[in-house]
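User: I would like to go through the helix packing and the sheet of this structure. Could we start with the helices?

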Amino acid sequence: MSNRSPIESRGQNDLVAEHFRRSCETLSRAAADPNLRARIHEIAEAITAAFRGGHKLLIAGNGGSAADAQHIAGEFLSRLNFDRNPLPAIALTTDSSVLTAIGNDYGFDRTFERQVRGLGQPGDVFIAISTSGRSANVIAALKAAREIGLTTIGFTGSGARPMAPLCDHCLAAPAEETPLIQQIHIVAAHAICGLVERSLFPGAQ
């Protein structure tokens, strides 16, 4: 039996309702944004072209964005909407030995940059996820990706973001709060993956 008073319970319910309200408003704003939808199609086309050319997808981010990187890689390697062949996607956030070796030897700012240089090839695609747009290790990886000849894609939030000029395609969620930005990122990633698999496997649906 709960020890909370009716007033406390009502206050917590109000907080939950407010969170859902802001989440729905952000999703509606994103769905109605033609520029955002255009970015999603452009990113899907870039990834599709890379896969058709025998290239792969690299993805990186910190914290919740690291989890999103792994989530997105899983959708491509496994499946999203229907059974089909796996697609080569690697999250640069999963190997604790690599991450700690690079962090120890070169510093945390180079955890993704070293992996991009070691694993990336011209024609590959790199998705860099940073809600703030200024994560130092993500920006270092973007710079390396551009030097090598990867197509660079950024997932970030609204407003001025330092990572944006380093991206060939930049998807800016119409929000400034980290949780809301992350919600748009994963919804957009699902849409992108869905477009890619429909394009590459039209007979498998």
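User: What is the handedness of the crossing of α3 and α7?
Analyst: In this predicted model, α3 and α7 cross in a right-handed sense.

User: At what angle do α3 and α7 pack, and how far apart are their axes?
Analyst: Helix α3 (residues 64–77) and helix α7 (residues 178–200) pack at about 15 degrees, and their axes are 10 Å apart. An angle under 35 degrees counts as roughly parallel, so α3 is roughly parallel to α7.

User: Which residues make that contact?
Analyst: On the α3 side they are Gly64, Ser65, Asp68, His71, Ile72, Glu75 and Phe76. From α7 come Gln182, His185, Ile186, Ala189, His190, Cys193 and Val196.

User: And how do the residues of α3 with α7 divide by class?
Analyst: Six are nonpolar, six are polar and two are charged.

User: Now α2. At what angle does α2 pack with α7?
Analyst: Helix α2 (residues 34–52) and α7 pack at about 45 degrees, with 9 Å between their axes. That angle makes α2 oblique to α7. The crossing of α2 with α7 is right-handed.

User: Which residues meet there?
Analyst: α2 contributes Ile40, His41, Ile43, Ala44, Ile47, Thr48, Phe51 and Arg52. Their counterparts in α7 are Ala188, Ala191, Ile192, Leu195, Val196, Ser199 and Leu200. By class, the contact of α2 with α7 holds eleven nonpolar residues, three polar and one charged.

User: Changing topic: what is the strand order of the sheet?
Analyst: The sheet is open and has five strands in the order β2-β1-β3-β4-β5, with parallel pairing.

User: Which strands stand at the edges?
Analyst: The edge strands are β2 (89–91) and β5 (169–172). Each has a single partner strand, so one side of each is left without a neighbour in the sheet. From one strand to the next, the twist averages 15 degrees.

User: How many bridges join β1 and β3?
Analyst: Strand β1 (residues 57–61) and strand β3 (residues 125–129) pair in the parallel sense over five bridges.

User: Which strands does α3 touch?
Analyst: α3 packs on the sheet and touches β1, β2, β3 and β4 (151–156). The direction of α3 makes about 160 degrees with that of β1.

User: And where does α7 lie on the strands?
Analyst: α7 lies across β3, β4 and β5, and runs at about 140 degrees to β4.

User: One last topic: how many salt bridges does the count come to?
Analyst: The count comes to eleven salt bridges. Among them is one between the side chains of Arg21 and Glu25, at 2.5 Å from N to O.

User: Where do Arg21 and Glu25 lie?
Analyst: Both lie in helix α1 (residues 6–31), four residues apart, about one turn of the helix.

Key
Residues are numbered from 1 along each chain as its sequence is written. This is a predicted model: local features need pLDDT of at least 70, side-chain atom pairs count only at pLDDT 80 or more; totals for chains, interfaces and linings use all residues. Side-chain values use heavy atoms; hydrogens and water are left out. Axes are lines fitted to C-alpha atoms, for helices over the stretch in contact, and angles run from 0 to 180 degrees between N-to-C directions. Helices (H or I, at least four residues) and strands (E, at least two) are DSSP runs, numbered from the N terminus. Angles under 35 degrees count as roughly parallel, over 145 as roughly antiparallel, 65 to 115 as roughly perpendicular and the rest as oblique. A crossing is left-handed if the near helix is turned anticlockwise from the far one by less than a right angle, and right-handed if clockwise. Contact means heavy atoms within 4.5 Å. Ala, Val, Leu, Ile, Met, Phe, Trp, Tyr, Cys and Pro count as nonpolar, Asp, Glu, Lys and Arg as charged, and the others, Gly among them, as polar. Two strands pair if DSSP finds at least two bridges between them. A salt bridge is a side-chain nitrogen of Lys or Arg within 4 Å of a carboxyl oxygen of Asp or Glu.
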